[in-house]
Amino acid sequence: MVNGTQQPAPANASADRPLQDPSGPIGEFHAGSSVYAWSPETQGILFSSISYGILLTLIPSGYLAGIFGAKHMLGAGLLASSLLSLCTPLAADLGVSLVMVIRVAQGMAQGMAWTGQFTIWAKWAPPLERSKLTSIAGSGAALGSSLILCVGGLISQALGWPFIFYIFGGLGCVCCLLWFTVIYDDPMGHPCISLREQEHIVSSLAQQPTSPRRSVPLKAMARCLPLWAIFSGFFSHFWLCTVIVTYLPTYVSSVLHVSIRESGVLSALPFVAASTCTVLGGQLADFLLSRDLLGLLTVRKLFSALGLLLPSLCAVALPFVASSYMTTVVLLILIPGTSNLCDSGFIINTLDIAPRYASFLMGISRGFGLLAGIISSTATGFLISQDSASGWRHVFFLAAAVNLFGLVFYLTFGRAELQDWAKERTLTRL
């Protein structure tokens, strides 16, 4: 969408005027597609604008999903986000401000879809299968990212970049039909589940209080250090992940100097690794728990440490190996791959300490993560606009420092036992 060879426009020039790039590589973009002179700062704001929308709906949607069920809330969010994707190309032609509005609205829809899923897992996932099931489901996000990055460049060349939004927006609408058809809020209401499986799930969760409560112990939550440890983990994890997700194609094209076709395929590889590590991490975590090799708290802290420390080391090393194509590619693959080991750590820790409020707390946790995403994506756009070489170095060093802070805080205060304020017998008020 963006003209990478265009010189910065004068101060009084329009930043959202579509223009064709006569100096760009031949065949790089589809001839019928508009190209926009959006500065790195503008791109940073566009990248982060979706996070503003998600922040608006994370907490209320998590609370409401815990009361009314997650099926309809998640489905409505997916449908709205897909329809807004279909509208994005038209919005881009009308101006960058409208694109920001579209992305904020899309973020609000995605916020509805993000948090309610933990209400479903609180009723469907037995404790010894929790890491496995949530990690398999979570791997879908990385698979989706790898798919669109892999084929996005090809679609852009063959049909034009607007068809990326048209195709995947349409697929999202199809997924909505499948969601409303096959998903149920709990095993008791599912018409196709076997009696044996239903009894297994219900009996394994018999000692876990999961009934919805309209009152939330906000004061007790605010004083709970294990909960703040989870929040700090989310903040640190999302800081680096947001940089990778939003700026990886930019980094690949600007530092490795590859074409848009190669950039798309290369940018997809880290997300394939992320999806693989997410599933393998969940399998390993539940294996350690089911064989009593490690306790629950040890498993949560181990995978949190691996998911925050390993990608930090890779990120710090990136600026020093920029001259080596293969080494850079390997590190770019390892960063999101190892980072997703957190899915078996603090990511699902709210299901351990407060399953009754899992969706509400996930909304708050994601809120902290998205706050980090807003700051990191905007800061990254600013840093690389000053000087590309030193800017990327500062971006990765800063991300590693944030990860280290979150890791130390979680290792110090993280817990895995059910908290007193989350127990069934606890009487609370707003």
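This is a predicted model: local features need pLDDT of at least 70, side-chain atom pairs count only at pLDDT 80 or more; totals for chains, interfaces and linings use all residues.

Biologist: Among contacts between residues at least 6 apart in sequence, what percentage join residues at least 24 apart?

Modeller: The set in question is the contacts in the protein chain between residues at least 6 apart in sequence. Within that set, the share joining residues at least 24 apart is 81%.

Biologist: Turning to helix pairs, how are α9 and α15 oriented to each other?

Modeller: Helix α9 covers residues 225-255 and helix α15 covers residues 388-413. Their axes lie 8 Å apart and the packing angle is about 160°. Angles over 145 degrees fall in one class, and α9 and α15 are therefore roughly antiparallel.

Biologist: What is the hand of that crossing, and how many charged residues are in the contact of α9 with α15?

Modeller: α9 passes α15 in a crossing that is left-handed. The residues of the contact include 21 nonpolar and seven polar ones.

Biologist: How are α11 and α12 oriented to each other?

Modeller: Helix α11 (residues 296-317) packs on helix α12 (residues 325-339) with the axes 8 Å apart. The angle of this pair is about 165°, and the crossing is left-handed. α11 and α12 are therefore roughly antiparallel.

Biologist: Which residues of α12 make the contact with α11, and how does the contact divide by residue type?

Modeller: From α11 the contact takes Leu-306, Gly-307, Leu-310, Pro-311, Cys-314, Ala-315 and Ala-317. From α12 it takes Leu-331, Leu-334, Ile-335, Thr-338 and Ser-339. The residues of the contact of α11 with α12 divide into nine nonpolar, three polar and no charged.

Biologist: Val-330 is also in α12. Is Val-330 buried, exposed or partly exposed?

Modeller: Val-330 and Leu-318 are 12 residues apart in sequence, and their C-alpha atoms are 9.8 Å apart in space. The relative accessible area of Val-330 is 40%. Buried means under 20% and exposed over 50%, so Val-330 is partly exposed.

Biologist: Why are α4 and α14 described as oblique to each other?

Modeller: Helix α4 (residues 117-124) and helix α14 (residues 358-386) have axes 7 Å apart, at an angle of about 140°. Roughly antiparallel applies to angles over 145 degrees and roughly perpendicular to 65 to 115. The pair is therefore oblique.

Biologist: What is the hand of that crossing, and which residues of α14 make the contact?

Modeller: α4 passes α14 in a right-handed crossing. On the α4 side the contact is made by Gln-117, Phe-118 and Thr-119. On the α14 side it is made by Ala-358, Ser-359, Met-362 and Arg-366.

Biologist: Which residues does Ser-365 touch, not counting residues up to four places away in sequence?

Modeller: Ser-365 is in helix α14 and is buried, with a relative accessible area of 0%. Ser-365 and Phe-234 are 131 residues apart in sequence, yet 6.2 Å apart in space, C-alpha to C-alpha. The residues Ser-365 touches are Ile-230, Phe-231, Phe-234 and Thr-350.

Biologist: Leaving aside neighbours within four places in sequence, which residues is Phe-231 in contact with?

Modeller: Phe-231 belongs to helix α9 and is buried at a relative accessible area of 5%. The contacts of Phe-231 are Leu-361, Ile-364, Ser-365 and Phe-368.

Biologist: What is the phi of Asp-292?

Modeller: Most residues other than glycine have a negative phi. Asp-292 is in the loop between α10 (260-290) and α11, and counts as exposed at 68% relative accessibility. Although Asp-292 is not a glycine, its phi is positive, at about 55°.

Methods: Residues are numbered from 1 along each chain as its sequence is written. Side-chain values use heavy atoms; hydrogens and water are left out. Axes are lines fitted to C-alpha atoms, for helices over the stretch in contact, and angles run from 0 to 180 degrees between N-to-C directions. Helices (H or I, at least four residues) and strands (E, at least two) are DSSP runs, numbered from the N terminus. Angles under 35 degrees count as roughly parallel, over 145 as roughly antiparallel, 65 to 115 as roughly perpendicular and the rest as oblique. A crossing is left-handed if the near helix is turned anticlockwise from the far one by less than a right angle, and right-handed if clockwise. Contact means heavy atoms within 4.5 Å. Ala, Val, Leu, Ile, Met, Phe, Trp, Tyr, Cys and Pro count as nonpolar, Asp, Glu, Lys and Arg as charged, and the others, Gly among them, as polar. Buried means under 20% relative accessible area, exposed over 50%, partly exposed in between (1.4 Å probe, protein chains only).
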